[in-house]
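Reader: I would like to go through this structure and ask what the words used for it rest on. Please give the cut-offs as they come up.

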Amino acid sequence: MADLSNLAGLGSEPSGQIDSSVSSASNRSLRLAEKEKRKGEADPFGLAVKYLSQVEAGTVVRGNDELERNMVRVETVALSKGLPPEVITVLLDLALSLNAGTANCTRVLKFLIPATVVPQEAIVKGVSWLCVGKMPMNAQCPFICHLLYLLTMREHVHPYRVRKLLDIQAKMGRQPFLTQLLALYKVFRPDLVTLSLPSRVRTGFKNHNSTWKVALSAVQRKNKGAVLVDQSLSLDVKEKPSSRKRKLHHLAIPPLTSAFDSNSSKKVLRLQELRSFKELLENIHNIELPAQMGSLLGSALALHYLDCVQDESAFLRLNFWLGHSLQEEFLLCPVDGSSDNTSEACRFLSTILFSQQFLQEGFSSTESFLYKFLSVWDGCLLRPQILDLLSDIPLMPSFYMHKLLFEPLKQLYFTSTVFFKCSVIECLNSMLVKWLTWHSVSASEGGLDISLNSNSSMTMTLSGFMDSVMELVRFVGLLASEGLRLESCHVLLLNQTLAFYETVCDMFLKFSLPLIIMPPAGVFYPALFATDSVSVDRLGYIMYRYRKNLTLAKKQEQQREQTFHISRNTYKEFNRNLQAMVNSMWNSWWCVPGSDIEIDKDLIALSKVAEPWCRFDLIHHPALFSYAIEFHQRCWPERKIVDLGSIKTGKYWNWYMEFLFNQGFYGLNNFIQTNTGHGSTLNSQEDGQPKSQP
C-alpha cells in the first residue's frame with residue numbers, strides 16, 4: 001500500500017504548483033496575443049488584405065468605414081510598391097464577384113498593379129468570373145467581345161452565336177465593340193451576317209488601361225528589381241529596369257506556329273512547313289493561317305500566300321496585331337532613345353517596310369498609327385523608318401490631308417534642320433510617285449473610280465484623286481518656297497525640290513493624269529539663278545518636260561480626246577517662266593519689264609555691275625561661268641586678259657555650245673534645242689533625264 005501511495009504521490013502536484021502553471025499558461029497566451037497585435041500594427045497591409053478576402057456577398061458598402069479604410073491601405077501600397085502575386089488573385093476575386101459592390105469593382109481593377117508577375121490562377125479566375133454573368137452586361141460585354149475578336153476563327157462562327165450577338169445588340173443598341181465582332185463574323189461567314197456594316201471600323205475596342213500602364217511603369221521604376229518569369233505572363237524584361245520595358249515583346253516578330261490541333265482529321269499544311277514557292281502553289285488551298293498573325297511579316301513565303309489568297313480575315317487579324325503593337329510600343333510607352341531600344345524599334349519598323357514593299361501597299365493599321373504619331377514625333381527618332389512608312393500612306397481625300405498630314409508635318413518642317421527638310425520633300429515625292437503609279441494602273445484597267453486600297457471597298461473618283469494630288473503638290477510648293485527662303489537657297493534642299501518637280505512635270509505623259517501644275521516663283525527663280533550647275537540643268541529638263549506635256553494636252557484638247565482640260569492659267573504660268581528663262585540665258589536680257597523679276601534701274605545702277613542684263617546668260621551665269629573660262633583658255637591660251645565676249649563671235653559660239661553640252665548638261669541642251677532651235681545634236685537625250693552630276 002505504501003508503494004501504491006508513493007506511486008500516487010509521484011503523479012500528483014501541490015496546489016500551489018498547479019496555480020503557478022495556470023498562471024504561466026495564461027501569461028503565455030497574453031504574450032502571444034500581444035505579439036500578434038503588435039505584428040498586426042506593424043503590418044496593416046496584411047490585415048487589410050485579410051479583411052478584404054473575407055468580404056462576403058451582401059456586405060453593406062455605403063458608409064462602411066472599415067471597408068473604406070482597408071481599401072485605402074491596399075490601394076496606397078499598390079500604387080507605391082505594387083502587389084504580390086497572391087494578393088492579385090485575392091483582389092481580382094473580390095472585384096469580379098461584386099461582393100464589395102460595382103463601384104468598388106472598378107476601383108479595385110484600377111489599382112491591381114503587380115509588383116512582379118501575374119499568376120496564372122488569377123487569369124483563369126478572371127475568365128471564369130466573366131463567364132458567370134454576374135457583372136452587368138455593359139461592364140463585361142466590351143471585354144468579352146474583345147477577347148472573342150482575338151480568338152475567333154472561321155470554324156467558330158455558327159448561327160447560334162450570330163443570333164446571340166444580334167440579340168445583345170437589339171438590347172444595347174449599336175455599340176462599337178459589338179459592331180467590330182459582327183464585322184469579323186461577316187468576314188468569315190457573310191451568309192450568316194446580313195446586316196449592313198461600315199467598311200472600316202477603327203475604334204471598336206477602346207484602350208481602357210492606359211492609366212493603369214502609367215501606374216505600372218511608375219511602380220516598376222521605383223522597385224528597380226529583376227522580374228521573374230512566370231510561364232508567358234511576365235510583365236517585364238530582364239535588362240535595364242530603370243528604362244522603358246518591352247514586357248510583351250511586341251517588337252519581336254513571332255515565329256510561325258500553328259493554331260490547330262496536329263491530330264485534326266482536316267488535311268492542312270502549316271506555313272512553317274513550306275520550303276519553296278512551288279510547294280506554296282501546290283498546296284495553296286490547304287494552308288492554314290498561323291496562330292500569331294504577326295509572324296507573317298517575317299516570312300517571304302507567308303507574304304506570298306497573303307498576297308495570293310487576298311483573305312480579308314487575314315488582313316483584319318494582321319492589322320489588329322500590328323496596330324496594337326505600334327500603339328503599345330510607340331504611343332503609350334515612347335522609345336527612350338537608348339541604343340538597344342532604338343535598334344530593336346528600327347528592326348521592327350524595317351520589317352514592316354519590307355512587308356509593305358513586298359505587297360506594294362501599306363497596312364491600314366500603320367496608316368492610323370502614323371497620323372497619331374506625327375503629333376508627338378520630334379522629327380529625329382527613327383527618322384528614316386518613319387518617313388519611309390509615311391511615303392507608303394495610300395491615297396486619301398483632300399479634306400483629310402490638311403488635319404492628318406499637312407499640319408503636323410508643317411510644324412516639324414519649319415522648326416527642323418535643312419537635312420530634315422530635304423528628307424520631308426523626298427518622302428512626299430515618293431508618296432506622290434506611288435499615288436500616281438496606283439492611278440496609272442487603274443487607268444490602264446479602264447476604271448473610272450480609283451480603289452484606295454486592294455483590301456478596301458472604298459473608291460475615289462478621278463476628280464477627287466486630282467484634288468488630292470493638287471493639294472499635295474501645292475503643299476510641297478509652299479514648304480519648298482519657304483524652306484529655300486529660310487535656308488538661303490541651300491543647294492541640297494533646292495535639288496530635292498527639283499527632284500519633286502521632275503515628277504510633277506510629267507504627270508500627264510508618264511502617269512496619264514490630265515493635271516499640270518507649275519512650280520511657284522519661290523522655286524523657279526532660285527533654281528534659275530542658282531550657283532550650282534546641277535540645279536540649272538535640272539530646271540532646264542523640267543521646263544523641257546513641261547513643254548512636252550502641255551503640247552500633248554493641247555493637241556488632245558483640240559481633238560476632243562479628253563474630258564478634263566488644262567487651265568489657261570497653267571499655260572500663262574508656263575509661258576511666263578519660259579520667257580524669263582530664255583531671255584536670261586539665251587537673249588541676255590533677264591530683267592524683263594512687267595515680269596516677276598523686274599528691278600528698278602536705279603537700284604541696278606547702285607550695284608555698279610557692268611552690263612547687268614547679261615549676267616545670267618550661258619556664258620556669265622554663276623553656275624556656268626567656270627565652263628566659259630575653261631573654254632576661253634582652250635581657244636586662246638596665249639591671251640592674258642580674259643574676254644568672254646569673244647565667245648559669242650562667229651564659229652566660237654557654236655563650239656562653245658558643243659563644249660558646254662558635252663559636259664553632260666542634257667536638260668539644258670534639250671531645253672535650248674526645243675525652244676531656240678540650237679544645241680548639241682550629238683549628246684541630246686530627247687526624253688532622257690539629266691544626270692545628277694555634270
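Author: Contact means heavy atoms within 4.5 Å. Buried means under 20% relative accessible area, exposed means over 50%, and partly exposed is in between, with a 1.4 Å probe and protein chains only. Helices are DSSP runs of H or I with at least four residues, strands are runs of E with at least two, and both are numbered from the N terminus. By these terms, the buried residues of α25 pack against α23 (521–528), α24 (533–558) and α29 (666–676).

Reader: What kind of model is this, and how are its residues numbered?

Author: This is a predicted model, in which local features need pLDDT of at least 70, side-chain atom pairs count only at pLDDT 80 or more, and totals for chains, interfaces and linings use all residues. Residues are numbered from 1 along each chain as its sequence is written, and side-chain values use heavy atoms, with hydrogens and water left out.

Reader: How many helices and strands does the protein chain have, and what percentage of its residues is buried?

Author: The protein chain has 29 helices and four strands. Of its 694 residues, 45% are buried.

Reader: Which residues of α25 are buried, and how does its reach compare with the expected one?

Author: T570, Y571, F574, N577, L578, A580, M581, V582, N583, S584 and M585 are the buried residues of α25. The expected span of a helix is 1.5 Å times one less than its number of residues. Helix α25 (residues 568–585) has 18 residues and reaches 26 Å from first C-alpha to last, close to the 26 Å expected.

Reader: Why is α5 called roughly parallel to α7?

Author: Axes are lines fitted to C-alpha atoms, for helices over the stretch in contact, and angles run from 0 to 180 degrees between N-to-C directions. The axes of α5 (residues 85–97) and α7 (residues 120–132) come within 9 Å and cross at roughly 5 degrees. Angles under 35 degrees count as roughly parallel, over 145 as roughly antiparallel, 65 to 115 as roughly perpendicular and the rest as oblique. The pair α5 and α7 is therefore roughly parallel.

Reader: Which residues make that contact, and how do they divide?

Author: α5 contributes I88, T89, L92, D93, L96 and S97, while α7 contributes E121, A122, K125, G126 and W129. They divide into five nonpolar, three polar and three charged. Here Ala, Val, Leu, Ile, Met, Phe, Trp, Tyr, Cys and Pro count as nonpolar, Asp, Glu, Lys and Arg as charged, and the others, Gly among them, as polar.

Reader: What covers the buried residues of α5?

Author: The cover includes α3 (44–53), α4 (65–80), α6 (102–110) and α7. Among the buried residues of α5 are V87, L91 and L94.

Reader: Why is S295 called buried?

Author: S295 has a relative accessible area of 2%, which is under the cut-off, so S295 is buried. This residue is in the loop between β2 (287–288) and α13 (300–309). Not counting residues up to four places away in sequence, S295 touches I253, P254, P255, L256 and P290.

Reader: What makes the phi of L382 worth noting, and is L382 buried or exposed?

Author: Most residues other than glycine have a negative phi. L382 is not a glycine, yet its phi is positive, about 50 degrees. L382 lies in the loop between α16 (364–373) and α17 (383–391). Its relative accessible area is 7%, so L382 is buried.

Reader: Why does S512 count as partly exposed?

Author: S512 has 45% relative accessibility, so it counts as partly exposed. S512 is in the loop between α22 (507–511) and α23. Its phi is positive too, about 60 degrees, although S512 is not a glycine.
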